[in-house]
Amino acid sequence: SGYEPANYRITPDDQLGVGGAKTKFTDNIAAIRLLKQLQQAGAEVATPDEKKILVRYVGWGGLPQAFDSKNEKWAAEYQELQGLLSPDEYAKARRSTQDAHFTSETVIRGMYQGLSFLGLGEGGKLRILEPSAGIGNFIGLCPEHFNAKFLAVELDPTTSAIAKYLYPRALHINNGFQNTNSKSTIFDAVVGNPPFGNQSLYDPDFPELRKFSVHNYFLAKSISLLR
């Protein structure tokens, strides 16, 4: 292929997160079908047009009805999803409805405006950690003058695989943040929208955080990895 793989740049034309539940479901299915075609073909990169389909994947955080066998209005979608995902992928997708919530473009742009205001991005190359990256919208909306190299950690395999095709220049880890050995890596910034909940996680590198709720664990570990 004649082009250098580049990280996708999200623009307002992508209309991230726009549309009702059925539209989001359709977008999710289109992205998963394309992902599976790319994987089966052994494709190392996605084309710009393919990335436009992948970037509209919003995950399942707002769509628990697609996993509800008793919801008659979603019977067709329930069947389609069961046919598309392997049992393991399906179980992980259903589990993700609890905390894989979409972060709006407005919020992400606002966060980067705040970081720019604080002077981030003026000193050349940045190393940025995204500890619950989803499909990487924080990468796709990162200002170009940040000149950032991202480490994207994402637990869900489908979501992480989409992120890899969208952002080939980032380093991707498909695992839980608690299983990511990152004590030796120091970052200039951490961005993201962590999972929220009362459950706690055990991290062998940070056993002292085991009594923290999941969001406080994400915040505390992230802070300790900053330069």
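**Entry 1: Ser96**

I looked up Ser96 and found it in helix α4, residues 87-96. Helices here are DSSP runs of H or I with at least four residues, strands are runs of E with at least two, and both are numbered from the N terminus. The model is a predicted one: local features need pLDDT of at least 70, side-chain atom pairs count only at pLDDT 80 or more, and totals for chains, interfaces and linings use all residues. Residues are numbered from 1 along each chain as its sequence is written, and side-chain values use heavy atoms, with hydrogens and water left out.

Is Ser96 buried or exposed? Ser96 is buried, at a relative accessible area of 11%. Buried means under 20% relative accessible area, exposed means over 50%, and partly exposed is in between (1.4 Å probe, protein chains only).

Next I checked the side chain. A polar atom of the Ser96 side chain lies 2.6 Å from the backbone oxygen of Ala93. A polar contact is a pair of N or O atoms within 3.5 Å; within protein, one must be able to donate a hydrogen and the other to accept it, and residues adjacent in sequence count only if both atoms are side-chain atoms.

I then listed what Ser96 touches, not counting residues up to four places away in sequence: Trp60 and Gly61. Contact means heavy atoms within 4.5 Å.

**Entry 2: α1 and α3**

Two packed helices are described by the angle between their axes and the distance between the axes. I took α1 (residues 21-40) and α3 (residues 75-84) as a pair. Their axes come within 11 Å and cross at roughly 15 degrees. Axes are lines fitted to C-alpha atoms, for helices over the stretch in contact, and angles run from 0 to 180 degrees between N-to-C directions.

α1 and α3 are therefore roughly parallel to each other. The cut-offs are under 35 degrees for roughly parallel, over 145 for roughly antiparallel, 65 to 115 for roughly perpendicular, and oblique for the rest.

Which residues make the contact? From α1 they are Lys22, Phe25, Ile29, Ile32, Arg33 and Lys36. From α3 they are Glu77, Glu80, Leu81 and Leu84. By class, this contact of α1 with α3 has five nonpolar, no polar and five charged residues. Ala, Val, Leu, Ile, Met, Phe, Trp, Tyr, Cys and Pro count as nonpolar, Asp, Glu, Lys and Arg as charged, and the others, Gly among them, as polar.

Lys36 is buried, with a relative accessible area of 18%. Leaving aside neighbours within four places in sequence, Lys36 is in contact with Leu84, Leu85 and Glu89.

**Entry 3: α1 and α7**

I moved to α7, residues 157-166. The axes of α1 and α7 come within 11 Å and cross at roughly 70 degrees. The two helices are therefore roughly perpendicular to each other. Ala31, Ile32, Leu35, Leu38 and Gln39 of α1 meet Thr158, Ala161, Ile162 and Tyr165 of α7. The residues of this contact divide into seven nonpolar, two polar and no charged.

I picked out Leu35, which is in helix α1. At 3% relative accessibility, Leu35 counts as buried. Leu35 touches Leu54, Thr158, Ala161, Ile162 and Tyr165, not counting residues up to four places away in sequence.

How much of α7 is covered? Eight of its ten residues are buried. Among them are Thr159, Ser160 and Leu166. The buried residues of α7 pack against α1, α2 (48-54), α4 and β3 (171-173). At the start of α7, a side-chain oxygen of Asp156 comes within 3.4 Å of the backbone nitrogen of Thr158.

**Entry 4: Ala6**

I found Ala6 in the segment before α1. At 35% relative accessibility, Ala6 counts as partly exposed. Leaving aside neighbours within four places in sequence, Ala6 is in contact with Lys51, Leu166, Pro168 and Arg169.

**Entry 5: Positive phi**

Most residues other than glycine have a negative phi. I noted Gln15, with a positive phi near 45 degrees. Gln15 lies in the segment before α1 and is partly exposed at 46% relative accessibility.

I also noted Asn147, with a positive phi near 50 degrees. Asn147 sits in the loop between α6 (137-140) and β2 (148-153). Its relative accessible area is 40%, so Asn147 is partly exposed.
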